[in-house]
Amino acid sequence: MLLNLTILPGDGIGPEVTEQAVLVLQSVANALGHKLQLQSKNIGGAALAAVEDPLPPDTIQACLSSSAVLLGAVGSPGFDHYPNHLRPEAGLLRLRRELGAYANLRPAVCFPALEACSPLRGELVRSTDIMIVRELLGGLYFGEPRSVSGPAGARFAVNTMTYDERAIERIARVAFDLAVKRRRKVLSVDKANVLECSRLWREVVTRCAKDYPAVQLAHMYVDSAAMSLVQRPRDFDVLLTENMFGDILSDQAGGVVGSLGLLASASIGGPVGLYEPVHGSAPDIAGKGIANPLGAILSVALLLRHSFQLEREAGCIENAVGAVLDQGARTADLARAGESPISTSEMGQQVVAELRSTKPAS
Ligand code: IPM
Ligand code: MG
């Protein structure tokens, strides 16, 4: 199969982790006879520095003409004072919209070898396997009006949360379809005791559930869900929620399973899928070669699964990651007292070596 991809390394640790993810992709492609066609483009702060646009037209063009996009991270403190549309993050949000990527899947799995990395007791986090389904093109991130106005000292800021029935229904269906193939539970998270958007959300999700009689639907307010996520993470199967709640709860899930550096994501629903680790650009550790590349590497697995239906290839990568963790490979975010951390590239190399040593089942 021809895998025609655009790579967007982005900012901070983005290029470092993306490099390892691409090496892993090349290794799997070689082993299983796929041809890779890659082009690399700028996004975020890197694009602002080059052409003063966080999402230049040639980047959009390249993405739209590929079969899938792999992104590192965006965000760069040097641009923090820029107006909203010229921040690195604006490039990512526009890209998600251009690609029609409304469904953001963020699996949070506790690898057996990493139980002790969780701040929770091992018996609480053991076997945690959550699929967060975050609505990605609505809510506060995109709602109009939005503004800051008024004189210095008396300024006034506005953001708007909006959702229509169509946007809720299409993301709910993604969650139910996933649940059917998992443990058949959907927890829909909202704030229906306060927000109109959430009351509409709950009503539409409840209506959709009628088409999925095998799936058990429950609702929870977001504050309570945040608490349950640390009290009993194992009870969660598919967690369906709106854009901002999903942003917050997915970082929390990363903490629960041991490190945000492990979490991968798929943003799908449009013609071209976008795959990126859940973590940000981490400017404090950028350039040091210590970032965890596993979130990016596992994003490659999601890319193969969701954009190319290459389930076997995706599984090979996920198994290789599990195996190197079993063998004790730990980047700085995972290393505990007495364990010596390995670098970003060493972690990548170990995954590649593991992939080479295991003959893929045909
Ligand atoms: C994420 C990130 C982004 C988001 C930022 C970088 C715009 O935090 O993907 O979770 O808020 O969606
Ligand atoms: Mg986030």
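**Close-up 1. Arginine contacts of ligand 1.** In this predicted model, a side-chain N or O atom of R96 lies 2.7 Å from an oxygen atom of ligand 1. R106 likewise places a polar side-chain atom 2.7 Å from a ligand 1 oxygen atom, and for R134 the corresponding distance is 2.9 Å. The protein covers 81% of the 320 Å² of accessible area that ligand 1 has on its own (Shrake-Rupley method, 1.4 Å probe).

**Close-up 2. The shell around ligand 1.** E89, R96, R106, R134, Y141 and D247 surround the ligand (a heavy atom within 4 Å). By class, this shell has five charged residues, one nonpolar residue and no polar residue (Asp, Glu, Lys and Arg count as charged; Ala, Val, Leu, Ile, Met, Phe, Trp, Tyr, Cys and Pro as nonpolar; the others, Gly among them, as polar).

**Close-up 3. Crossing of helices α1 and α11.** The axes of α1 (residues 14-32) and α11 (residues 311-326) come within 11 Å and cross at roughly 130° (lines fitted to C-alpha atoms over the stretch in contact, with angles from 0 to 180 degrees between N-to-C directions; helices are DSSP runs of H or I, at least four residues).

Close-up 4. The peptide bond from E144 to P145 is cis, with omega near 0°; P145 is found in the loop between β5 (129-135) and β6 (147-149) (strands are DSSP runs of E, at least two residues). S127, in the loop between α5 (122-125) and β5, has a positive phi of about 65° although it is not a glycine.

Residues are numbered from 1 along each chain as its sequence is written, and chains are lettered from A and ligands numbered from 1 in the order in which they are written. Local features need pLDDT of at least 70 and side-chain atom pairs pLDDT 80 or more, whereas totals for chains, interfaces and linings use all residues; side-chain values use heavy atoms, with hydrogens and water left out.

Key
A polar contact is a pair of N or O atoms within 3.5 Å; within protein, one must be able to donate a hydrogen and the other to accept it, and residues adjacent in sequence count only if both atoms are side-chain atoms.
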